[in-house]
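Work through these exercises with the sequence and the 3D view open. Try each task before you read its solution.

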Amino acid sequence: MNFILDFSVIVVYFIAVFYFGFHFSKKRSSEEDFYLAKREIHWVWLMFSLVATETSSLTFLSIPSLSMKGDFSFIQIAIGYILGRTAVAYLLLPKYYAGKTISIYAYLGEKFGKSSQKSMSGLFTISRVLGDGIRLYVTSLPIAFLLTKMGFSEYGESTLGITALFLLTFATILYSVYGGFRAIVFTDSLQLIIYLLGGFYAFYLLWNLLSAGGNPFPDVIATSLANGKLSVFHTNWLSTGDNAYYFIFAILGGAFISIGSHGTDLMLVQRVIASKNLKQGQKILIGSGVFVFFQFLLFLGIGTLLSGFYQGKTIAPDKAFSMFIVEEIPSPFLGLLLSAILASAMSSLSSTINSLSLTWARDWEMDRYLTPKILSLIFGVILFFSSLLPFFMGERLEKGILEVGLTIFSYTLGPTIALFIFAARGIKPRFPNWVVSVLLFGSILALIFLTREIALPFTLLIPTGILIFGSGWGLFHLFAVRK
């Protein structure tokens with residue numbers, strides 16, 4: 001390990017990020033430019049930004065753990081992603097473009113009143129703050145490993161991880177606040193290239209390390225084939241180890257996750273409605289789904305190779321890739337991989353900061369009192385503190401940190417999807433508008449209590465949430481009619 005070489009690579013990465021942040025800030029002249037860049041950015045860059053935003057450090061470091069301890073069944077969810085984004089592209093997206101709105105929650109406000117608009121904004125804020133806290137936490141793992149190897153072990157992994165998170169968040173806040181949406185999109189595109197290069201290099205190195213004796217085909221691949229570790233579709237429900245990956249549940253679950261995230265989550269939809277027209281927005285949505293599918297294949301492949309590399313050793317799967325990066329990657333490629341991890345985290349964090357600022361500026365009308373920069377700064381600080389929560393969750397996260405993140409997200413998506421579908425279909429409530437907000441939060445709480453009694457796979461949480469919200473809507477409707 002050559003610390004100077006690796007550190008130099010990371011410094012170059014940060015210089016490039018700050019260059020984009022300061023360079024594009026010169027072109028920003030209004031609030032709409034700060035949040036949507038006047039819809040002037042080419043759709044390809046917006047698609048790259050969308051993929052980078054949804055590919056957090058949680059994806060980069062935790063997807064390999066799924067194939068390391070299991071198989072390729074997670075790719076079924078990626079198939080569902082493509083189906084879900086296609087549905088959003090043709091069913092929901094035309095409604096957003098027709099309204100020419102900056103915040104998609106204003107669309108709900110037009111249909112069901114301000115209470116539903118603010119409720120969705122509040123729900124988005126809570127889910128993003130909690131979800132991104134876990135994503136940022138994952139980023140601290142390899143950084144803490146590296147600092148421990150460099151002789152700082154006396155401070156402990158938690159202290160080192162928190163220090164790394166502080167520096168990461170500070171740097172991201174700086175360019176997000178200064179450069180706005182335009183800078184974020186182009187830094188996202190840069191970060192996408194960096195972490196894909198890092199992923200391809202890790203796969204290449206693992207392949208070479210396992211191809212002993214000049215054998216171009218690692219034995220772990222043949223062993224994995226024989227043991228079913230490369231299987232994709234789980235078609236027998238009764239023999240499936242985890243019912244979440246039964247192929248019907250997984251594909252439908254992936255589709256619903258994508259409908260919820262890319263149809264109702266402001267942070268991701270923001271990258272789509274920032275395009276020039278509906279046709280380009282549809283290209284962004286469907287293209288990103290295909291892109292993510294192949295990206296998942298790459299990282300699942302890394303996990304399979306990691307299972308062969310660490311065969312016979314006791315190691316937590318969620319920490320395996322982090323450990324491999326720190327212990328096995330030579331300089332200066334270690335600097336590249338660490339930059340890739342930072343890139344995946346910073347792209348998600350910067351996008352979250354900008355989107356939270358947007359929703360509070362428009363949906364809560366805080367732009368009357370605070371500038372976009374101040375709002376972005378406030379949410380950057382809040383997200384840093386949320387990233388500290390997983391340090392106190394300990395071993396509970398090691399059972400599957402990616403599923404933990406998806407589960408948190410899925411609790412809110414079912415009722416949210418149902419609400420947007422009702423709005424898009426023009427279904428008017430026959431009860432007061434404030435009841436819509438009660439239904440929204442009540443459905444989420446009901447789903448949480450239900451899953452305490454009945455163990456549901458995370459891939460079924462969203463359709464269950466839709467059914468609960470729809471049933472509640474129907475009951476209130478009948479009560480209002482009878483009254």
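**Exercise 1: the core**

The largest nonpolar core has 143 residues, and Phe60, Phe321 and Ile325 have the most contacts inside it. A nonpolar core is a set of buried Ala, Val, Leu, Ile, Met, Phe, Trp, Tyr and Cys residues joined through side-chain atoms within 4.5 Å. This is a predicted model: local features need pLDDT of at least 70, side-chain atom pairs count only at pLDDT 80 or more, and totals for chains, interfaces and linings use all residues. Residues are numbered from 1 along each chain as its sequence is written, and side-chain values use heavy atoms, with hydrogens and water left out.

Task: which helix gives the most to this core?

Solution. Step 1: find helix 9, residues 157-210. Helices (H or I, at least four residues) are DSSP runs, numbered from the N terminus. Step 2: read its share; helix 9 gives the most, with 21 residues. Step 3: look at Phe60, which touches residues including Tyr195, Phe299, Phe321 and Ile325, not counting residues up to four places away in sequence. Contact means heavy atoms within 4.5 Å.

**Exercise 2: two crossing helices**

Task: at roughly what angle do the axes of helix 12 and helix 15 cross?

Solution. Step 1: locate helix 12 (residues 266-273) and helix 15 (residues 333-362). Step 2: their axes come within 9 Å and cross at roughly 90°. Axes are lines fitted to C-alpha atoms, for helices over the stretch in contact, and angles run from 0 to 180 degrees between N-to-C directions. Step 3: the two helices are therefore roughly perpendicular (65 to 115 degrees). Step 4: helix 12 makes the contact with Leu266, Met267, Gln270 and Arg271, while helix 15 uses residues including Ser348 and Leu358.

**Exercise 3: a loop with positive phi**

Task: is Ala37 buried or exposed?

Solution. Step 2: its phi is near 55°, a positive value in a residue other than glycine. Step 3: Ala37 counts as buried, because its relative accessibility is 0% (buried means under 20% relative accessible area, exposed over 50%, partly exposed in between, with a 1.4 Å probe and protein chains only). Step 4: Arg39 is found in the loop between helix 2 and helix 3 too. Arg39 has a positive phi of about 55° and is buried, at 16%.

**Exercise 4: a cis bond**

Task: which residues does a cis peptide bond join?

Solution. Step 1: the bond joins Ser331 and Pro332, with omega about 0°. Step 2: Pro332 sits in the loop between helix 14 (317-328) and helix 15.

Technical notes
Parallel < 35°, antiparallel > 145°, perpendicular 65-115°, else oblique.
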